[in-house]
Structures are given as C-alpha cells and as structure tokens.
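This briefing is for a reader new to the structure below.

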Amino acid sequence: MKILALDTSSRAASCAIMRDGVLAGEFFANIGLTHSQTAMPMVEAMLEQTKINLHEIDVFAVTTGPGSFTGLRIGVSCVKGMAAALNKPCAGVSTLLALAGGVSVFSGYICPVMDARREQVYTALFESTGGQTLRKREDEALPLSELKTVLAALAPTPVLLAGDGGSLAFGTLGDLGHVSLAPERILHQRASVVAQIAGQMAVDGQLVSPGGLAPGYLRLPQAERERLEAINQ
C-alpha cells in the first residue's frame, strides 16, 4: 500500500510517501513561505524523486487540525482534490496525534503544543511507553496557565513538549523540573508520521471519502471571534 501524506497545519510544511510501511521519501520546509506556494510543488518534486506516479497512491492523508486556519484549509483542499480526481480514500489525522507520534520513543507523558495566539495553545496529552502512545486528554484549546496546572499534577513523571508552541509553553512551564522540550530536529510534526498513522487507520477501517474530509479547528476563526466580541460589548 502506498500512502501520500501532507502537513500544512503550522508554519512548517512537509509531505511524505510511505510504501508498504517503509518511508520512500519525505520533503520538509520551515521557510515561512505560504503553503499555497510550497505544498503542491513539494508533492510534485517528491513524486518525481521517488519515481512514484500519483495514480499509484492508494490512500491520501493530511493533518486536519488543530492548527493554522489557512494552512489547514490549504492542506485539506490539496488532498481532497488529488483523492477525488483518482477516487481514492483519505485519512484525516489529528495534528497533535502526529506530533506525539514523532517523539513516541520518549518514556513518560508527551504534551504536543501548538500556538493558538492570545496566550492560548492547542494541546493534548499522551502517555508513551515502549514506542506506543495512549491518549490521556483529547485535543483542546487551553490558556497556558491552565496547561501549567495540568502538567504540574503529573510530577514527577517526565513530560516532553513538542510542536511549534513548545518553546512558548516551555517559557511558562520551564520551572517545572519534570517538563522538558523536544530538540529542534524532532520538534515539528512530520508528514512521515501522518502517513504511518494513516496506515493504521486503513487497517482499522477509519478511512473516509474525499467528501468526508474536513478541517477540525477547535476554535472559531479570528474574524468570527472578533465579530462576536463586538456584538457582546
């Protein structure tokens, strides 16, 4: 089975192809260009370098959130377009689950964190043992102060922060001795992990049609939040 995965949920972008459980190729860029400029050129370059034709792909996977509203829409739209054109199934993968999967060799708790602005983060909690992760809290948006309370209660078990909000959170949580930050090389979500998760979803019968693929934002878009705030003033 060949799985093509795409992640555009944050500032960084990546794409990958997994072939029968083996990583055939992966492109990663954290250069600040808009994903509308980078996503499909990365996919096209990866297909060319791996000598895999798009028609050979069996499953298309993408991170569906939480994350950047614009980034999620771009990623989901790209995958829906490719999958619909070929009538292939899709896998929508939680961005936070993908982050946790990228550091699953850590033993303890994994706390993926993405910057949600306004002193809030998108986060979840997983317990990691022997390379396996068990979800302990669902994806949610929390104030940093509340996240600190959640993680403080886990002491003395080690907690690893991952994600583009990891550094932001560590600045607030750094005085908790049992909390550490993943190194830069494994800090970000990677499409290869998304593909790996999608492979298990295929085995578990959790794939959807292209029409069933949709972003999961957790919060209203900023424009809608500001509109509601103006109404309530």
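Two strands count as paired if DSSP finds at least two bridges between them. In this predicted model, Gly65 stands opposite Ser94 in E5. Strand E4, residues 59-65, and E5 pair in the parallel sense over five bridges.

**The sheet**

- Strands of a sheet pair through backbone hydrogen bonds, in either a parallel or an antiparallel sense.
- The open sheet here is formed by five strands, in the order E3-E2-E1-E4-E5, and its pairing is mixed.
- Its edge strands are E3 (22-29) and E5 (90-94), each of which pairs on one side only.
- On average, neighbouring strands of this sheet are turned by 20° against each other, direction ignored.

**Helices across the sheet**

- Helix H2, which spans residues 69-86, lies across strand E1 (2-7), E4 and E5.
- The direction of H2 is at about 160° to E4.
- Helix H6, residues 191-203, lies across E1, strand E2 (13-19), E3, E4 and E5.
- Relative to E1, helix H6 runs at about 130°.

**Ring contacts**

- A pair of aromatic rings is described by how far apart the centres are and by the angle of the planes.
- The count of aromatic pairs comes to one.
- That pair is formed by Phe69 and Tyr217, with 4.9 Å from centre to centre and 40° between the planes, and is tilted.
- The pair links distant parts of the chain, 148 residues apart: Phe69 belongs to helix H2, while Tyr217 lies in the loop between H6 and helix H7 (222-232).
- Phe69 counts as buried because its relative accessibility is 15%, under the 20% limit.
- Tyr217 has a relative accessible area of 21% and is therefore partly exposed.
- In a separate contact, the charged end of Arg190 sits over the ring of Phe28, 4.2 Å from the ring centre.

**Cysteines**

- The structure holds zero disulfides.
- Cys78 is in no disulfide, and the nearest cysteine sulfur, that of Cys15, is 10 Å away.
- A disulfide needs two cysteine sulfur atoms within 2.5 Å, so the sulfur of Cys90, 12 Å from the closest cysteine sulfur, in Cys78, is too far for a bond.
- Cys78 is buried, with a relative accessible area of 17%.
- Cys90 also counts as buried, at 0% relative accessibility.

Note on methods: Residues are numbered from 1 along each chain as its sequence is written. This is a predicted model: local features need pLDDT of at least 70, side-chain atom pairs count only at pLDDT 80 or more; totals for chains, interfaces and linings use all residues. Side-chain values use heavy atoms; hydrogens and water are left out. Buried means under 20% relative accessible area, exposed over 50%, partly exposed in between (1.4 Å probe, protein chains only). Helices (H or I, at least four residues) and strands (E, at least two) are DSSP runs, numbered from the N terminus. Axes are lines fitted to C-alpha atoms, for helices over the stretch in contact, and angles run from 0 to 180 degrees between N-to-C directions. Contact means heavy atoms within 4.5 Å. Rings of Phe, Tyr and Trp (its six-membered ring) pair if their centres lie within 6.5 Å; planes under 30 degrees apart count as stacked, over 60 as edge-to-face and the rest as tilted. A charge sits over a ring if NZ of Lys or CZ of Arg is within 6 Å of the ring centre and within 35 degrees of the ring normal.
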